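Dear colleague,

Please find below the structure for your review.

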Amino acid sequence: TSNTTYKFYVRSVCSATESSAWTGPFTFTTACGTYTELSENFDALTVTGSIPNCWSKVLSGSTLSSYATVGMYNYSSNSAPNNIQFYNSGSGSADNMMLVSPIITNLSAGTHRLRFFAKNGTATQDLQIGTMSNPADATTFTVLQTVDLTTSWSEYSVSFAAYTGTNTHFAFRRLSTSTYTYVYLDNVVWEAIPTTPPACVAITSPANLAENVMSGTITWAASADATSYKITVGTTATGTEVLNSVDVGNVTSYNLVTEPGTTYYVTISPVNQYGTTTGCSAISFTTCDA
């Protein structure tokens, strides 16, 4: 069995009636296996600073602090008791603090996504999601997406549908935009992208039927199944003359150019690898007069 430690004993058999004493135990551990699906909540770890078997961590860089860490931490987790903590101490912005997955054989299959929960201790500390060919060499890291974290636990999803490279590990690399700060990671899942269209998402701003709106910034809740979002805007309940199902990418906000004293009807439709949602309800808001 892969990733398993075995013990064995040996003795000499000299004759049918004579044998030496048993010698041992001797131990060996088999190599790590490969994965096509993965779910890791880090709760089986018992030693602070440790990581799961077959995972790797990279701490490198010319200005890396000796106090920088990547490993298990059992406080304020998304799912108790454990999470992974990235602490940079006084490390520089170019230094590497990375957590690397075991070998994933279907990274480039075009069918899977990486789903996880994360947060930061201080605003603007983010995570880069990417791939690696060598889990011990930071220079093999290729960025796929940068995830903008907040100070609250939130779920994030990164689609690998468009990835066509040859790397065999996914990796998390924290960004250090300030020193002596923390980033936390929990409940990592590598799974197939759902084949059904993602559910509609709620528009969080402006509020439905809001009046005298000063800003045209539209925000909405993220969908774990979405790889991008389409926005439709009109000045009537079914209108599309302002924007007609425009794909704005994998973001959760859009700055709409508005006219004074105008009512806008807005629909946000999440899109995944296999299609779009249908029947999402519109909200409306009215801008203030000039």
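How much space lies in the second largest pocket? The answer is about 170 Å³, a volume being the space filled by probe spheres set on grid points joined across faces, edges and corners. A pocket here is an open set of points on a 1 Å grid over the protein atoms alone, where a 1.4 Å probe fits, with protein on both sides within 12 Å along at least five of seven lines; lining residues have an atom within 4 Å of a point.

Please note that this is a predicted model, in which local features need pLDDT of at least 70 and side-chain atom pairs pLDDT 80 or more, while totals for chains, interfaces and linings use all residues. Residues are numbered from 1 along each chain as its sequence is written, and side-chain values use heavy atoms, without hydrogens and water.

The lining of the second largest pocket includes Leu-144, Val-158, Phe-160 and Asn-250. The largest pocket holds about 480 Å³. Of its 18 lining residues, Val-147, Asp-148, Tyr-156, Ala-222 and Thr-252 are the closest to its centre. Strand β11 gives the most to this lining, with four residues; strands (E, at least two residues) are DSSP runs numbered from the N terminus.

Arg-113 lies in strand β8 (residues 112–120). Arg-113 counts as buried because its relative accessibility is 6%, buried meaning under 20% relative accessible area (1.4 Å probe, protein chains only). The side chains of Arg-113 and Glu-191 are joined by a polar contact of 2.6 Å, that is, a pair of N or O atoms within 3.5 Å, one able to donate a hydrogen and the other to accept it.

With kind regards

Terms used:
Buried < 20%, exposed > 50% of the residue type's maximum accessible area, 1.4 Å probe, protein only.
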